[in-house]
Each structure stands twice: as structure tokens, then as C-alpha cells.
Amino acid sequence: MRQSQLFTKARREAPADEVSKNAQLLVRAGYVHKEMAGVYSYLPLGLRTLNKIVQIIREEMNAIGGQEMVMTALQDKDLWSRTDRWDDDKVDNWFKTSFKSGGETGLGITHEEPLTRIMTEHISSYRDLPVYAYQFQNKFRNELRAKSGIMRGKEFLMKDLYSFSRDEAEHDAFFARAREAYLKVFQRLGIGDQTYVTFASGGIFSEFSEEFQTISEAGEDTIYVDEKKRVAVNKEVCTDEALTKLGLQRDDLVEKKAIEVGNIFNLGTRFSEPLGLSYTDETGAKKPVVMGSYGIGPTRVMGTIVEVLADEKGLVWPEAVAPFVVHLVSLGKGGDEISKTSDALYADLVKAGVEVLYDDRDLRAGEKFAESDLLGIPMRIVVGKEAVETGMFEVVNRATGEVVKKSHDEIF
RNA sequence: CGGGCCGGAGUAUGCCGGUAGUACGCCUGCUUUGGGAGCAGAUAGACCGAGUUCGAUUCUCGGCGGCCCGACCA
């Protein structure tokens, strides 16, 4: 798209009320707008990036048999009472409200209960299992303290997948596949090298849950990393006993700060039993369904990518999640030879299906370059006098700063 | 939820118990055009309420809001 048509505007200074790198840069670059503490709107550029993150996760969830759906934000109090997760002294971060007609409701903090109930209408035989269902949906959590920009909000996008299996063995097999899918997701998102499967507290049905932790000073968690085995242990469970169970040596571990970008865990029959989700097996015996849950917060992931990859000049996006692949920067102005050359290249790029943001505005070169650096689009193509005279375009790699000259044909 | 810092224009600030000034930004025009240019013009501000006072942006109290540390984080 033409940048002259983009309604967002980059800012030179960071807003006074943001401290985190991700929020400062995303606000400056016009990707997000802060509505309140921990509550952000996603503007055109930000939404493009968020949607790319979502699409990568979607593809990997589909690849392991996930079926996409979407559930309601408004929650049924009675349902949550049945699993004892409605009362404020049990779960303290509900946003609760009431119906005009009477009765209470709350905005969804997670979706085990409604999905389990839905499944009771569709699962009754071993032949109906296993089932894997997921959604992307805004979650609402009344956090006492929002922090770290878009990484810990009160309203945030979440991908939550739930698995429904016949028994622990079937669950374990899927769990392993989900782990691999998650690793693939983070690899594709450009933070794979910094992201570790991390053992964390597991709850009642398994010894450990597995977190996906991305090394960053901006992280809230402390983990101990075994670089060779590419696994880590969350500080909260890092006892000698646990290390023995996991086959890790304390001497091999390095302490790091990290951001939790995903979490997968075994739910056992915690929800299926109280909500009556069971099936009849081959012998005619009735058994509770074994469940698991698998979360990734796309908005948190977006903030994490900024924290990990941005530099002093601004955002740096991996190509897979960049709002545009090419930033075409014209140094010409209305109607001159440079702008004609730029217009032609823009038209060719669009025709070739390249996602290109075209800076066709009449601004000075320095301002355009500074803003281009801030936006973080991976490839910048500069059209100046030289391009008109020699037919060679300057192609700049945002991440490395590397500059190469390419002809029109070499670009395509 | 415990603790701390803070609240005047988009940002940074000066002065002040007598109703707000500067710089940069933003906007317009002209000039300029390869790393945030110059000139001219314009726009834009005291979080809310109560109290003290002749008078409150300034002092006091109470709200509300923001940030940070901790706690929490299905």
C-alpha cells in the first residue's frame, strides 16, 4: 500500500507512559494504540503482523489435527461453579458483570469449561476420540498489575487448543506432537533459537507442565538452561530432586531471564469428570475423557519478537511476521523521474504479489530512512537519482544493514 | 494485594498563591531534497472533586489515572 494513504503516523519520541521496549517502539511506529493500562488496540500495521503470527500458529495447529472454532467471551456462571472456578476466592481475576434480566456473567479468562461442555454433546464413544479443537480469542484477565507493554495485558489474544483423548497414553502421544508443533511455530516466528522447552510446575495430573520460554532480559521468569540438551527448568521447580528426575546436572545449567511464550499441560480428568464428559470404550465401560490444554498468546509473542530482535533504530521483523516484506522508499517527489521510476517498480511489485509498503510521500531522505528503520520492514528498496540513471536499486537489509545494488530483474 | 515514584501541549522543561512561558514535535506555505534541513505562520496544555484563600495549576485532603519492585499469573 501507499504510505501516503496509511492513516497511522510515526512519532519521533516514545510516549511518556511506556517504559518497555516493545510498547515504546510499537506505539512510536504506529502499530498499536494504548487504550488503558494493559489494553491495546492493533492499528493497520500491527494487525498485519498479528495476523501473520496467528496464521503461522493456525497452520501448525491444523497440521497436528486441530480443528478451529471460536467460543463466546461471555461465560455461564453455573458452568464455572460446577468446576469451582467462579468464586472470587478461587479465581481472583474475573471481569464480572451482570445481565439486565438478572444473573451474573463474566468475560472468559480461559475456555476449558465451555469447550468441555460442548464436547459432551459430540463425544460419547471411543470412536469419537481423539479430538483436538482450538480457537483464537481475546481473553480477559483482571490483572492487579498490567506491565511490560503488550506482553501482559488485561485483554489479550490467545490461541488455546484443547485435546480430548481416550487415555493417558493417547494423551501423551499427542502432547509430544504438540511440543514439536510449538517448536516449529517459534522457529517460523523467528525466535526459535532463543526459545527453550522448559519444565515448570505441572498441577495435579502430571509432574511437570512444559513451558516455552524465550530468553530475554525483559522476561518475568527465571529459568535454568541446559544449552546442549536445549531444555530448561523453571526456577520455581528447580530442586535437586526435580533435576534428578529430568536427568539434568546442575553444573550444566545457566541462569537466564525469559518470557513465557507458550505453555502445554496435562489436564487429566480435572474438567471431564465434574462436567460429565465421558465415553464408552470397546468393552462397553464408561470412562472419563483425558484432556490437555495448549496455549500461545499471539500478542505476547509479538511483544517478545520486538524485545528480542529490535535494535536502537527501531523494530526489526523476521520476514514471516513483518507487516510488509518490502519497504519501497522513493526519494522523488510528485511527477519527477525518480517518482515515475518508483511508481513503476511499485506497480511491478504489486503485480508480482509482493507485500510492499510504498513510501511515496514528499519527505526528506533522512526522515524517510529513520522512519523506515523504525517500522522494521525486512527489505528496503531505495529509489533515488542513481536508480534513474543506472537502473540499479539500493536494497538494504533492515536486520543486518547490508546494502546491495540490484537491477529491476534481480529484484524479482 | 503490599511497597515506591508520578500526574501542566505529542515530548522535555522554566516560573508561579494573581488563570501558563520556552524548545522540539505536529499542521500549513515557500525554499530544500541520500540520514530527522531552513524560513514564515498556525495549532495545542494544568486528571477530577472538595477544602483553605479575596483569588488555587501552585497549598491540604479525597478520588481517578499512569509507571516501577514484589506477590499473582489455569
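In this predicted model, strand β7 pairs with strand β8 (residues 155-165) in the antiparallel sense over 10 bridges. Strand β7 (residues 131-140) also pairs with strand β3 (residues 67-68), here in the parallel sense and over 2 bridges. Y134 of β7 belongs to both pairings, for E68 stands opposite Y134, while Y134 in turn stands opposite L161 in β8. The two pairings are set side by side below.

| Strand pair | Sense | Bridges |
|---|---|---|
| β3 (residues 67-68) and β7 (residues 131-140) | parallel | 2 bridges |
| β7 and β8 (residues 155-165) | antiparallel | 10 bridges |

On the scale of the whole chain, chain A is divided into domain 1 (3-309) and domain 2 (326-411), and the C-alpha centres of domain 1 and domain 2 lie 39 Å apart. The contact between them draws on 5 residues from domain 1 and 8 residues from domain 2. On the side of domain 1 that touches domain 2, the residues divide into 2 nonpolar, 2 polar and 1 charged.

The surroundings of the RNA complete the picture. RNA strand B is surrounded by 42 residues, of which A37, A365, G366, A370 and G384 are the closest. The elements that contribute two or more residues to this surface are β16 (290-296), α9 (365-375) and α10 (385-390), and among these α9 gives the most, with 8 residues. By residue class, the surface near RNA strand B comprises 16 nonpolar, 8 polar and 18 charged residues.

Technical notes: Residues numbered from 1 in each chain as written. Chains lettered and ligands numbered in written order. Predicted model: local features only at pLDDT ≥ 70, side-chain atom pairs only at ≥ 80, totals over all residues. Near = placed C-beta within 6 Å. Helix = DSSP H or I, 4+ residues; strand = E, 2+ residues; numbered from the N terminus. Nonpolar A, V, L, I, M, F, W, Y, C, P; charged D, E, K, R; others polar. Pairing = 2+ DSSP bridges. Domains from an automatic or database assignment. Contact = placed C-beta atoms within 7 Å.
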